[in-house]
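Please consult the sequence and the model alongside each numbered point.

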Amino acid sequence: MMLSKRLTVVSALLAVLLILWSVAWWIVAGMVERSLLAWAETQRAQGATVEIGALTVAGYPLIVRATVTTPRIATHGLDWRGPALVAEAPLWALGRIGVTLPGEQHLHVAPRNGPSLEVTAGRGGTGHLLMSMAGVVLDGKLAFPGVTLAPEGPAQPKLTVAGLEVTLNQPATPPDDHQQTGLGATLTVQDLQLPDGLPVALGPVVQRAAVAMRVQGRPPQIQPESLTAWSRDGGTVEVDSLTLDWGPLKLGLNGTLALDGALQPMAALSAEIRGAAQALAALKKQLRPNEMTMAHGVIGMLARPDESGEPVIKTPITIQDRTVFVGPLKIAVMPVIAW
């Protein structure tokens, strides 16, 4: 009798817990659905295009999984679309969200004063988000196993990438001044395959290109008024590292980017170049004899052996008044950026 009563009590408690868990799941599922729809309306009110074919929430009893079909988001010259977006999290850790982008994903990049670019991830992508209780994305990552970059225009060559990864992170509350980081970001590209027909003296594959940077202060909106206020208050972008590995050439940069009064980029960077002599030898057919002689002289003058004896060139790179300087040498003029 005592055992029977205990089993009855335990069964009743389990039934109550199951009911409470089910109620909690349905409440959270409803909150997720309403939050996504409210977010879409907020973005539309701010001028963005947000399209959702259908929204479903499933995953009972352990997972809350939101699936959006045929989503599209367009704003500030960026237009992303795909067949679906799936975001899911365990009911007990809703801030840890796994993201799946199944199928072929498309991103159209259309700057105001430059050529457009179509980015296609043929095999979709995966990633994660870490969100605060207030709904702020603290950390995010998306990785794509295969990407094609197609500049618009007649006879423009396509580039293919074996792997592309993007990360973002920001504090739970915006910084009070420009001594603190408001947004961090990285972009990593693995095995960039150059198209046939290009002079690829350094090899047909760029093995790795990566950049890690931080926006200091509250990140501005991509519009003149916001950028002007951010720049006037001392906002900068700190480039922690920018690296390029292409055949024998190994390039590393770090430094600071800012905007001048006309909202054009300024930069004070430090460059470290390895393999310059080998890269120059690979470019022999693309240079005239006098250019080769001059380049050899510059390398010989700037290169210094490191602790292992490898020649390394260390030189400042600056951008001022839309002019790019390597050391004291003027090497290029940048086009005007129209925000």
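1. The side chain of H108 makes a polar contact with the side chain of E118, at 2.9 Å. A polar contact is a pair of N or O atoms within 3.5 Å; within protein, one must be able to donate a hydrogen and the other to accept it, and residues adjacent in sequence count only if both atoms are side-chain atoms. H108 itself belongs to strand β8, residues 105-109. Beyond its neighbours within four places in sequence, H108 is in contact (heavy atoms within 4.5 Å) with G77, L78, D79, S116, L117, E118 and E152.

2. On provenance, this is a predicted model, in which local features need pLDDT of at least 70 and side-chain atom pairs count only at pLDDT 80 or more, while totals for chains, interfaces and linings use all residues. Residues are numbered from 1 along each chain as its sequence is written, and side-chain values use heavy atoms, with hydrogens and water left out.

3. The protein has four helices and 22 strands; these are DSSP runs numbered from the N terminus, helices being H or I of at least four residues and strands E of at least two. Its radius of gyration, taken over C-alpha atoms, is 26 Å, well over the 20 Å that the globule rule (2.2 Å times the number of residues to the power 0.38) gives for 339 residues, so the protein is more spread out than a compact globule. The C-alpha trace spans about 100 × 45 × 40 Å along its principal axes.

4. Of the 339 residues, 29% count as buried, where buried means under 20% relative accessible area, exposed over 50% and partly exposed in between (1.4 Å probe, protein chains only).

5. In helix α2 (residues 224-232), the buried residues are L227, W230 and S231. Seen down the axis of α2, they fall within an arc of 95° (from the directions of the helix axis to the C-beta atoms), so they line one face of the helix. These buried residues pack against β15 (205-216), β16 (237-246) and β17 (249-259). The face turned away from the buried side carries the exposed residues E225 and R232.

6. Strand β6 (residues 84-90) runs antiparallel to β7 and is joined to it by three bridges; strands pair if DSSP finds at least two bridges between them. V86 stands opposite T100 in β7. Six bridges join β7 to the antiparallel strand β10 (residues 125-131), with R96 opposite L130.
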